[in-house]
Each structure stands twice: as C-alpha cells, then as structure tokens.
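Here are my notes on the model you sent over.

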Amino acid sequence: MKAVTDPAKLLLERLLRLLRWRVWIQEKLQPTEWQITLLWAALVGGLGALVSLIFKGLAEGVHDVLTGSGAGVVESMRQLPWWGVLALPAAGGLLAGFVLLLGRRIARGQSSTDYMEAIVIGSGHVPIRSSLVKSAAALFSIGSGGSIGREGPMVQLSAVIASFLGRWRQFTPPQLRLLVACGAAAGIASAYNAPIAGSFFVAEIILGTIAMESLGPLAVSAVVAALTVRGLTSEAQLYKVPAFKLNSAWEMLPYIGLGLIAGVAAPWFLRSLKAAENFFVATKLPLIARLTLGGLIVGALAIKVPEVCGNGYSVVVDILNGHVAWLALAVIFACKWLATAASFGSGAPGGVFTPSLFMGASAGFLFGTGVHAIWPAGAANPGAFALVGMGAFLSAASHAPVMAVIMLFEMTLSYDIILPLMLCSVVAYYTAKGFEDRSLYSEALKRKAAETPGGLAFEVGSVAELMKSKPPTLRAGARFAEIAELFLSMRVNNLYVTDGEGRFLGAVSLHDIKPYLGEAGLAELVIAKDILREDFPRVAPDASLSDALGGFLNFEAERLPVVARDGTLLGSLAKGDLLLALVERRKKP
Amino acid sequence: MLMSNYFSSVMSLPELIASPDALVLDLKVASGEEAIRALHQRLRSATPDVKNAEQFLQDLLDRAALASVCIADDVALPHARTPAVDRIVLAVARTAAPVAFDSEHPGVRLVFLVGTPKAAVSEYLQLVAALSRLLKNPGTRAALLTAPTEDEFRAVLARAQKR
C-alpha cells in the first residue's frame, strides 16, 4: 500500500486519531459537567488563594511604609509618638477617600456590587474595576490602622477572579453564581485558614442551601485555597489557644448565660454600626472628609488604647491566652466598639467579620471573669469563655450558627470547647433572631434587593433565561473531518446541525460515530446529514424548568437544544444548570 | 453483534452484502445520476420494503448533490437515510464503462446504492463501514471488476468479508 501523502488526508487521520483519544479518555474518566465544574472550582480556589495572599502582602506593605515598622498593627502604633497615632488613621482615611474618588472616574458606570449581591440577587457578575478600586482604597484604611478587617477585601478579590473566569468562559448565570460562590469560599478559606467554614459560610449565608450540587464545588475550591495558602506560607491555625477542659456538666450553665448575652450584644453591635453610618452620612461631609474624620476618631482613641487599631486579631490572641487584665479589656472593648463604628460608619472599605470576632472574645472573657469571681468552679478559665464568646457572637451576628461553630473549631483547632461552643452559638442565634431579623449580611442585601427590579432573588423562570446561546453547530453537508474537529474542540457529546436559516435539523452524536473513528475511508464519505438524528429531543424556550427536566429524564444527554416554535435553534440547555436553578429555587420560598 | 431489525428479519449485515436486494453487472449508463436512477428502479421492483419510491429517489439525488458519494476512484456509494424505506436496502451495479459521478471521480465502475430508515444511524454506519473496508482492498476490487457472473460476484463479496 502506498504511503498517504495528501495533506488533507493526513490531517483527517490526525483528527480522527485525536478524537479516538478524546473518546478513550472520556470513557475511562467519564468527566460529567459536574466534574468539570469541580475542576473550575479547584482553579478558582488556587487563584483565589493567590489574590488573597497578594492583598494581604500589599496591606502589610502599605502598613510598613506608613508606620516605618514591620511589627503588627497594635505594636507599631505603640512605637509611634502620640501625634503620629492620631494622624496615621486620618491620613489613611484621606488616602482611601482619594483612591475612591479617583476610582470613580476609572470605574465610571460600574456598580459597586459586592460578591454577596452578585451571588444572591445578581447574575454572578462582580464588576472588576470598581472592586479593584475599593480594594485599593481598603489597603490604605487597613494599612493605616483603621478598625476594620482586611479579610473582607480578600474575599471580594477572590470572588472577582472567579467572576472574571466564569464570564470569560461564558458560564450561564447559575454556573457563574456558583463559581463566584466558590471564589468567596476560597477567599474565606485562605483568609482564615478555614476551608470547612469557608464552604459552609457561603453555603449557609449566601446560597442558603447545603445541597451537594453547590457544596461539592465550594468544598473543592476551599480545600485547594487552603492547600495553596499552606504551601506558600507557614501558617497553621489562626489562633493558638491553650487546652481547655470541661470539668463538670454544670459548667455548661454559665455558657447559656453567655449565649444570651452574645445574642443581645451582637444585634446591638450591628445597630450601632448602622447608626454610625447614618451619623456620618448626616454630617453631609464629602466622602474624603468623612473617611478622614473616621480615621481621626480611631487615632484619638488609639493614643490611649492602641489595641483599637486593626482587625483586632493580635488582641484576641492575647485574650485567649490570658495576657490581658479584665479591667484593661473592658476599656479596650468599649474603645474598640467605638473605633469600629467610626471606621465602618465613615465608609472605610474593609470587613467587619474579624472585628466582630474581637467583640465576641472580649465579651466572653469579661463574662467569664465575672462568673469566675462569683463561682470559681463554674468558670475555671475565662479564656475558654472568650473562645466560646467569639463563636456565639459570630453566630448571632451572621445568623449562621453552623458556620460559626465550624469556623471557631477550625481557627483554633480546639475540640475541647465544642460542647459549650455548640450550645452557646445556638442560644445566641435564637436570642439574636428573636431580637432582630437582620443579620450582618442581610442588611446590605435587602437594601440592594429593593433597588433591583424584579424582587429579591434572581429567579430563573424559563428555559430561555438559563440556556447558553450560540451552541456549536454544523451544516448538514459538513464533512466528517469538520465534525471530528468540532467534537475535539467543543467537548460536547452531541453537535447540532442547522440549515442555512439556522433551523434545527437534528444532532450528530459522538456515541454513534465512536466505533468508526479508525475508518478513514468512511470519513471521506460520511457527512453530517448521513448520521444526524432528527428525533433528538429538544426543549422550547418558554418551557418551564420542570418541563425541561422531564426532557432530561427521558433522554440521556448532558445538554438539550433549545428550539423556537419556528424551528430556529436558539441555544442549548445544560442539565447541570437546570439542576442548579431548581436547587436555588427550592431554597427560596 | 446483535443486529437490529433494520436489516431484514432473516438477513444479517454480511448476508445482505453478499446477496444484495438487486445486482446488475455491466449496467449501461452515461452518468452517476443515471446509475442512481437505474439502481433505484431495480430496487423498487425487487423489494416491497421501498415504500415511497419517488421520495427515495429524491433523497438519493439530494444527498449526491450535497457532497461526493465516492469512496475510491472507481467506487461510488450513493445513499440516503430516508423515511421511504422500512429496512436497510442495498443494490449493487458494475457499469459497462467508467461513468463520472463528480468532477473528482470520472471513472466509477462499482456502485453500491444504500437506503436506510431514518432511525437506523448506527446500522447505516455499520454497513457503510463494512463496504468501505472491503472495497479498500485492491484485490477485491479487481475480482469484482472481472467476475464473469452474478454468482461469482456475490461469491467475491462473501469471501471478501471473511478476510
């Protein structure tokens, strides 16, 4: 037999060989759309961890430059003269305001949608430029010692990366929202080194469901993020705590009291933040002046009590290890509350998650000390109360007790306190819920939702809203080589065939041609029309989601074509998207 | 392999190839289209399974117009998936002189005309793959071109499949 030299034939043979490989790999691994989603989730996890680390590094860099000291926030504040302490947070506020003002020009027209809004009420679209501007401003409010958490921007940036990737790959809205949720989970997992809490935070608070369809990708993303952080830094658990011991069941009694206190204090903490925000808005000062004023208040407090600066992390570590006297802590507690209200209220970009951990730890420690004074056996170690107080406060503030318990456990790796922690978090949750139906996060979301036409949730009602438009199509006369090439590049199992006017004729199934990929002779003869299946099921664009689901139940395919009444092929509907949308809908009454 | 009922109830795929529904040696036609029409006519009178002869012919011609049906310089495989047939039908011809099917295939001598029910995608591919495999062999092609009788022609097809 003579050697084949025709370049077209050589190309065809190569294509067929590649397609055989693809089919082989597909059959061995059988990656479904869910598994592909997991791969994307993993990628988002890695990238999210990287941007989180970069932001953290930058914030520390800004802090080093502003204070001239590489020590922690509180420590470097102690080293500054009084006027420096007073001026620094104000200067930070000024710079942050300047960046925000400048950024308005760059991000003109972009909303300041944060990741939670994007997931809950949006289409998963997190605007890149305005997020970057906000994060850049946050570098200054955080680096200058503002009483605000750096973890919020870390999570936001991680979500931005996810949103960017998803939009680049043209994900459908449910997929995009899931991917952004993965980004947020990755951000939390890297910020707090807490992968379980990261996935549950997003599932419980933002998605409102712990269905495996969404929890699986969230977990993968969080795990990869945590691995990335652990691989690149030497961080273990966030808070190193001494061992605690529950000596008798009676010790649980005071914890119920702590739960009640946290349940009352957390809503008041949130209300005070809101009140501070209203106060600053009522001053009618321009944004830069407001931020500077907020910084000035923090600076003034920090002259006597430098512990108010920063997210409160180092103070919490001291509290947990019993290095702070209760009287001093009472002063710090009150000043930190004020400082956080000043920073947050003035509009300083940053998070309040870590500051609320501080509030819980101080409240817990103070309560524990009080109990210890009256009944020493009932509260042997006030440090344990601090730990449990963090969880309880978090649970009451976020309305997410499951996440709070897991997060506390992951941040401290202390299993000894799990019983009081669970009890206390649940008590705090119910107390807070009875008190106030708003949580740390529901407030902003409700406000946004009111502005968004069409109600609270981005509700997907019909197939048309869910489908992916412009699916890869073939002409009826397409050659086998063309079919093989498209199958190779598109990673689908069925290619749709349309006529000249874009009307759907049927689908070519990879399954049908699979046994013949070795037959080059056949490849020269067969065109799409020869092997297209006209009876391929299709869904109408105005069909309801449950009708569409019926289509998938009767036919084994990952995607179905969406075909208009006049026969025009409009797009394709993925089974994974449909299931996600149905899961999302189920959780919303 | 389990054959579905798209091949006739008694015949398997190799049997269908070895004894097609119609067989003509030394078909005298001047063009590919004439060859298709002639074989279609034979098939129509040979089997009741061609339900709608006009549509079948139209589908065959439409397909041939859409893209080449030749699998070698001298072999054409006109075919159609059509609702006009109830099972896979096959008609085979050897032309008396080379005929042109298209500009790239001016000298076709062997014509295998296939009609397949719409739903029989994989059976269609099986048949076409089997035909193209055995007609790739130059020895088989030469034997078919020189077979003196219809019986000998069928025998060559039967033998070729066993190789």
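Among contacts in chain A between residues at least 6 apart in sequence, what percentage join residues at least 24 apart? It comes to 77%, with a contact meaning that two C-beta atoms, placed from the backbone, lie within 7 Å.

1. First, the ground rules. This is a predicted model, where local features need pLDDT of at least 70, side-chain atom pairs count only at pLDDT 80 or more, and totals for chains, interfaces and linings use all residues. Residues are numbered from 1 along each chain as its sequence is written, while chains are lettered from A and ligands numbered from 1 in the order in which they are written.

2. On to the make-up of chain A. You'll find 26 helices and six strands in chain A; these are DSSP runs numbered from the N terminus, H or I with at least four residues for helices and E with at least two for strands. Of its 589 residues, 54% count as buried, that is, with 20 or more other C-beta atoms within 10 Å of their own, the C-beta atoms being placed from the backbone.

3. Have a look at helix 2 of chain A, residues 33–67. Its 35 residues reach 50 Å from first C-alpha to last, close to the 51 Å expected (1.5 Å times one less than the number of residues). Just after helix 2, A:Gly68 takes a positive phi of about 70°.

4. Now the inside. The largest nonpolar core has 249 residues, and A:Val180, A:Ala181 and A:Phe393 touch the most other members; such a core is a set of buried Ala, Val, Leu, Ile, Met, Phe, Trp, Tyr and Cys residues joined through C-beta atoms within 7 Å. Helix 8 of chain A (173–192) gives the most to this core, with 13 residues. Leaving aside neighbours within four places in sequence, A:Val180 has contacts including A:Tyr115, A:Ile119, A:Val126 and A:Gly166.

5. There is an open sheet too: three strands of chain A in the order 1-6-5, paired antiparallel, where pairing takes at least two DSSP bridges. Strand 1 (468–469) and strand 5 (559–563) of chain A are at the edges with a single partner strand each, so one side of each has no neighbour in the sheet. Five bridges link strand 5 to strand 6 (569–574) of chain A, and A:Val562 has A:Gly571 as its bridge partner in strand 6.

6. Last, the contact between the chains. Chain A puts in 19 residues and chain B 18. On the side of chain A that touches chain B, helix 23 of chain A gives the most, with four residues.

Methods: A residue is buried if 20 or more other C-beta atoms lie within 10 Å of its own, exposed if 12 or fewer, and partly exposed in between; C-beta atoms are placed from the backbone.
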